[in-house]
Amino acid sequence: MASSATRPPLPAILLANDLLDGDVVFAIGEADGSLGWTRDPGLALVATDDAAAVRLEGFATAELAAQHVVDAYLVDVELGAAGPVPRHFRERFKTLGPSNRPDLGKQAGEGIAARRSV
Amino acid sequence: MYRYDEFDERFVRERVGQFRDQVARRLDGSLTEDEFKPLRLKNGVYLQLHAYMLRIAIPYGTLSARQLRQLALIGERYDRGYGHFTTRQNLQFNWPQLRDVPAILDLLADVEMHCIQTSGNCIRNVTADHFAGVAQDEIEDPRAVCELIRQWSTAHPEFSYLPRKFKIAATGAQHDRAVIKAHDIGIRILKHPQSGEIGYEISVGGGLGRTPMIGKVVRDFLPKTDLLAYLEAVMRVYNLEGRRDNKYKARVKILVHEIGTDEFRRRVEAEFAKLDGPSVNADPEELARIESYFTPPAYQSLPEDSQALAVAKAANPDFARWVDTNLTPHRVPGYSAVTISLKPVGLAPGDATSEQMRLVADLAERYSFDELRVTHAQNLVLPHVRKDDLFAIWQALVPVGLATANLGLITDIIACPGLDYCALATARSIPIAQAIAQRFADVERQASIGELNIKISGCINACGHHHVGHIGVLGLEKRGIESYQITLGGEATENASIGEILGPGLPAEEVPNAIEAIVGVYERHRHDGERFIETVKRVGLVPFKTAFKELADAVA
């Protein structure tokens with residue numbers, strides 16, 4: 001998990017893999033103000049300041065401890081028309097799916113409407 | 001083929017039960033990820049970029065039709081309808097859900113398969129020459145010894161927590177098709193030059209990865225009966241003295257390199273002398289039992305040449321090209337070993353759909369004594385095909401996209417999954433392979449270039465064997481973009497060698513141009529009938545580096 005010492009430049013989003021199916025999930029702001037998970041990278045909550053990043057880090061720690069997700073970390077993004085886009089190509093692929101199979105993964109819309117599995 | 005005995009069956013079933021319990025405890029929160037990770041890895045479950053990945057062992061690359069059909073079923077029921085054959089002769093599914101893995105393992109156990117020791121710091125799945133038992137240059141089928149090692153090494157209490165993973169490969173032929181010199185232990189079956197007795201040459205300390213090394217021969221001739229005791233001696237020396245302080249220096253190749261081959265050999269021999277050989281070595285009866293599973297099938301007595309084949313070839317140029325490219329001579333007259341290429345131009349090397357797997361299973365059952373092989377080059381083999389049946393097989397392969405005629409050619413590219421799937425990768429591999437294959441898609445051009453092995457890895461771990469490719473491509477990250485380093489002159493055979501870097505890394509879109517430039521140098525320098533690698537060895541790297549520099553300078 002990212003700490004302030006390893007935190008990427010802002011703005012940033014929090015991503016992780018869902019425990020049950022390994023699918024990539026993104027922290028999202030819920031209607032009641034709490035944090036939750038979405039499978040749609042376009043809906044990921046973007047932290048633009050330290051306070052928001054600290055909040056995402058705290059959520060990651062809690063969710064890892066609750067065994068809901070694995071491998072949670074902050075990723076620096078650019079803000080595009082369709083939502084945040086990771087700056088690094090590795091994380092971009094992680095939000096899309098295999099580049100040789102556009103029919104698979106989030107780029108094909110697979111499962112992105114669902115929330116974290118329960 | 002080997003069939004499980006009661007012990008094998010019970011052991012595998014018990015492991016499935018144990019893992020089912022471990023998954024349940026992970027999902028109910030009783031086990032943390034830190035606690036669960038080593039357990040899932042022991043059962044072949046990785047977490048990759050987009051999902052979990054399940055790696056299934058295919059011991060020494062041999063499968064039955066029933067087993068391949070089961071893999072097809074798993075792909076369809078629990079994955080996305082395809083699987084990926086790897087350079088370790090394994091199969092990987094890219095999208096399983098964790099909660100489904102115990103059910104998948106049950107389906108595997110139903111057909112005598114498992115995922116045990118496909119990960120972790122243990123002795124991994126033993127690999128072998130994919131033409132074992134059929135190659136004309138073979139002294140003895142290596143699969144019996146592979147099976148013996150599988151049984152000896154499975155859950156071996158002393159070697160379950162080695163300093164690092166440990167890979168063993170074996171060949172029984174003069175020509176090495178199993179890349180034994182790039183394995184921790186390489187076993188070559190040979191005849192004693194004086195007595196004619198069959199035994200083993202043992203190499204240790206080969207490996208690719210961030211520190212590529214060619215294995216060193218530590219025993220010129222080991223009597224067959226001493227195999228397990230000698231391997232145990234090697235493993236003990238490594239287990240005791242291999243470095244555990246630095247995972248990047250923990251492979252046995254580093255130990256051999258640091259203390260020297262002679263000293264390593266001395267220590268192994270000292271340990272070997274201390275061991276109580278008879279208590280370690282296989283009981284001759286057990287060895288005979290294992291060997292009995294690898295006796296040749298009931299071949300027909302046939303003439304060497306097939307009239308039906310000649311007629312079909314004359315009438316169909318595409319079939320003729322496939323026959324001339326994808327067949328390997330068989331030791332039995334009238335038969336051939338058929339390589340089914342999983343490298344159709346434009347698709348991912350090594351991928352096969354469930355539909356394709358079923359078709360190949362049907363062909364294996366009908367035409368190849370119910371047997372097929374997975375090659376380290378990510379293709380499939382029907383090892384025992386009557387030449388009379390080749391046309392029927394080809395006709396069945398064409399509609400499902402499996403009749404690509406490119407065995408050993410420039411489009412028969414090895415590529416790891418790379419950054420399209422792998423969490424360790426630093427760059428993509430598959431699109432590079434696709435782009436090169438598309439550039440050289442013309443079949444006449446491929447035939448004109450001849451044998452040329454391109455091997456692509458998406459990180460320095462070298463799952464794509466780039467170090468031993470005639471042309472190797474290594475994907476790295478350089479200043480925030482994917483960058484590809486090209487090596488030249490590697491070889492994966494009995495003349496194994498590590499390729500040398502040609503120059504600075506290139507962006508992805510320039511890689512096909514670089515390959516074109518290298519091929520151009522070859523075409524200008526080659527003598528009549530000279531293979532690519534022979535020209536490289538004869539003329540050296542200088543002309544290739546010159547051509548590469550022109551390209552790299554233009555890009556820079």
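Reader: Hi! How many salt bridges does the rule find across the interface of chain B and chain A?
Author: The rule finds 1 salt bridge there, where a salt bridge is a side-chain nitrogen of Lys or Arg within 4 Å of a carboxyl oxygen of Asp or Glu. This is a predicted model, in which local features need pLDDT of at least 70 and side-chain atom pairs count only at pLDDT 80 or more, while totals for chains, interfaces and linings use all residues. Residues are numbered from 1 along each chain as its sequence is written, chains are lettered from A and ligands numbered from 1 in the order in which they are written, and side-chain values use heavy atoms, with hydrogens and water left out.

Reader: Thanks! Which side chains meet in that salt bridge?
Author: Arg80(B) pairs with Glu110(A), at 2.3 Å from N to O. Side chains of opposite charge can pair when their charged atoms come close.

Reader: Which parts of chain B supply the side that touches chain A?
Author: Helix 1 (6–27), helix 15 (430–439) and strand 19 (481–488) of chain B each supply at least two residues. Helices (H or I, at least four residues) and strands (E, at least two) are DSSP runs, numbered from the N terminus. The largest share, 3 residues, comes from helix 15 of chain B. By class, that side of chain B has 17 nonpolar, 8 polar and 8 charged residues. Here Ala, Val, Leu, Ile, Met, Phe, Trp, Tyr, Cys and Pro count as nonpolar, Asp, Glu, Lys and Arg as charged, and the others, Gly among them, as polar.

Reader: What area is buried between the two chains?
Author: About 2,300 Å², with carbon and sulfur atoms giving 57% of it. Buried area is the accessible area (1.4 Å probe) that two parts lose on being put together, summed over both. Arg26(B), Leu49(B) and His50(B) supply 22% of what chain B buries against chain A, more than any other three residues. The contact (heavy atoms within 4.5 Å) takes 33 residues from chain B and 25 residues from chain A.

Reader: New topic: at what angle do helix 1 and helix 4 of chain B pack?
Author: Helix 1 and helix 4 (residues 101–110) of chain B pack at about 175°, with their axes 9 Å apart. Axes are lines fitted to C-alpha atoms, for helices over the stretch in contact, and angles run from 0 to 180 degrees between N-to-C directions. The two helices of chain B are therefore roughly antiparallel to each other; angles under 35 degrees count as roughly parallel, over 145 as roughly antiparallel, 65 to 115 as roughly perpendicular and the rest as oblique. The contact of helix 1 with helix 4 of chain B has 9 nonpolar, no polar and 5 charged residues.

Reader: Which residue forms a salt bridge with Asp21(B)?
Author: Arg25(B) does, with the closest N and O atoms 3.1 Å apart. Being 4 residues apart in helix 1 of chain B, Asp21(B) and Arg25(B) are separated by about one helical turn. Over all chains, the structure holds 61 salt bridges.

Reader: How about helix 17 and helix 18 of chain B, at what angle do they pack?
Author: Helix 17 (residues 511–525) and helix 18 (residues 532–539) of chain B pack at about 80°, with axes 10 Å apart. That makes helix 17 roughly perpendicular to helix 18 of chain B.

Reader: Last one: which residues does the cis peptide bond in chain A join?
Author: Leu10(A) and Pro11(A), with omega about 0°. Pro11(A) sits in the segment before strand 1 (12–18) of chain A.
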